[in-house]
Amino acid sequence: MLCGPSGCGKTTLLRHLKRELTPVGKVSGTIAYKGQPLADLPADLAAGEIGMVFQNPDAQIVMDTVWHELAFSMENMGFPPAVMRSRLAEISGLFGLEPLLYKPVHELSGGQKQLLNLASVLLLQPKLLLLDEPTSQLDPVAAREFIQTLHRLNEEMSVTVIISEHRLEEVLPLADRVLLLEEGGLRFQGPPRDLVREAGKEPQSAHQAYLPTASRLYLALATDLVPDVVSAPLETTPLTVREGKRWLHSVAGRASAAGFTRKPQPPVSLNTASTASQPAIDCHGSVPAASSEPLLSCREVTFRYEKDGAEVLKKLSLSLYRGELLAVMGGNGAGKSTLLHVLNGLLKPQRGKVALAKGIATGFLAQNPLLYFSYDTVQEELRHMAEYAGLSKEDAGQEIAKLVESFQLQDILASHPQDISGGQQQKLALAMVMLLAPGILLLDEPTKGLDPGAKERLAALLQHLRGQGVSIILVTHDIEFAARYASRCAMLFDGGITSEGTPAEFFSSNYFYTTVVNRMVRDLLPQALTIEDVMNTWPAFASRC
């Protein structure tokens, strides 16, 4: 498993392992596959035995329908029709693609496209599978199934898997080896529990941000409960929810026996960047309460893409209030992105009404950041967007400087937007939208591809905007982010909003759509959603044990 900050070289490394995708530039050193230089492999062997799933699903799809896309790679490899039919039947059943076989690719959700890409690669039965953040657009249930499928391929089919991933909860416990990259270099290499042990030696270690939640909670609580945690047996370090839950129950009794009286502490920052590089914003600070006046609302909205097609939205009603951060969640293909397009006026509903308060402008960030880029450098993209927004030269310079610092874009200002990492593209696109100074932000998976530090900076910026009265609708699969920063959460299912409420109300009643912390501690602290919640409520709980 590869992990590390956005722009540290994960995608570049993976592209060097896939010969057909090797970036242009100066290269030194050698890469060998089965003892043979990668450059010397026969073309059919290199294409068939080394498969790769890209970070951006749209960059990998070439055909018009799901059926044609699945058949494309096998046709190019010259497989007989009988073999193609057999493999298509097998892979379609495995990934549940049968209902989608004749559907146009452009109608698929981002998550469905990612599943299609993996299926297309697996049809060639590769020996080495390279994956660049493949779960970034999958809902929690689909992501778990996706990772388990990869685990089965590794265990049962002996497929070697190299995966770059920011979603660590499911991947890291299954990894045999973890590679932590920083600034193009290898900072750590070893088993997952060794990474936890190394990070635990320094309480403020930036590497803790790349640990599963169970391990981070273990290190946070063990500082008080078990001061010599670093010398404790390595096998006691929890990586999964089950291991973390078992450990928490075991220490609850010890906490009571030891008279644990730790005072509530301020939230622990998981930011990997230095303090000097942070915006002067408290991402955990309070923001004004949402007003009772809706700025954006839809009532009884129904939408379908084709006249005789299925209804994607069905009599959906939803309101957004001033200063609110509303997180909308749901499964892949539930209609979340469609809802944002309807709210932004890009799609017109067949029935129902969308109302926008007078004098309020909206800003929209789509799933694919490449849609926003037209110029040769990051600096030019920002400058032209500032001009489009009508900012004076002086104001433009100030606003661009703030956003460049907040999103840490300083080192890529002269780079082409197509050459930077997916996480950096996401940050650039959001910075461009911010220059429009919208009263309402509609964000479609804004944390996709972002490392933990970048998420913290994004949260700081969003909380700052809320403090200025900006209202935000956030479509996301990132449950941890929504639980920590949203003021209200809603579930989109079967074309409508089936449930909504504060994060504590919303997540504590869910089974799958809840945080890792809540799954670990709900028997002890039912309302706790984050590590900060546990740290602040554990003293009172321990005193009652």
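User: Which residue in S10 stands opposite cysteine 298?

Analyst: The model is predicted, and the pairing is read from it. Strand S9 covers residues 294-303 and pairs with S10 in the antiparallel sense over six bridges. The residue of S10 opposite cysteine 298 is leucine 318.

User: Is threonine 65 buried or exposed?

Analyst: Threonine 65 is in the loop between strand S4 (50-53) and helix H3 (66-76). Apart from residues up to four places away in sequence, threonine 65 touches Leu101, Tyr102, Lys103, Pro104 and Val105. Buried means under 20% relative accessible area. Because the relative accessibility of threonine 65 is 15%, this residue counts as buried.

User: Where do the buried residues of H13 lie, seen down the axis of the helix?

Analyst: Helix H13 has 14 residues, 393-406. Its buried residues are Ala396, Ile400, Leu403, Val404 and Ser406. Seen down the axis of H13, these fall within an arc of 160°, so they line one face of the helix.

User: Which exposed residues does the face of H13 turned away from its buried side carry, and which helices do the buried residues pack against?

Analyst: The face turned away from the buried side of H13 carries Glu394 and Lys402, which are exposed. The buried residues of H13 pack against helix H12 (378-388), H14 and helix H15 (452-467).

User: What separates the C-alpha atoms of leucine 435 and glutamate 399?

Analyst: Leucine 435 lies in the loop between helix H14 (422-434) and strand S14 (440-444). Beyond its neighbours within four places in sequence, leucine 435 has contacts that include Glu399, Ile400 and Leu403. Leucine 435 and glutamate 399 are 36 residues apart along the chain, and their C-alpha atoms are separated by 7.1 Å.

User: Is leucine 435 buried or exposed?

Analyst: Among the other contacts of leucine 435 are Leu382, Met385, Ala386, Ala389 and Leu391. Under 20% relative accessible area counts as buried. Leucine 435 has 4%, so this residue is buried.

Terms used:
Residues are numbered from 1 along each chain as its sequence is written. This is a predicted model: local features need pLDDT of at least 70, side-chain atom pairs count only at pLDDT 80 or more; totals for chains, interfaces and linings use all residues. Side-chain values use heavy atoms; hydrogens and water are left out. Helices (H or I, at least four residues) and strands (E, at least two) are DSSP runs, numbered from the N terminus. Buried means under 20% relative accessible area, exposed over 50%, partly exposed in between (1.4 Å probe, protein chains only). Contact means heavy atoms within 4.5 Å. Two strands pair if DSSP finds at least two bridges between them. The expected span of a helix is 1.5 Å times one less than its number of residues. The arc is that of the directions from the helix axis to the C-beta atoms.
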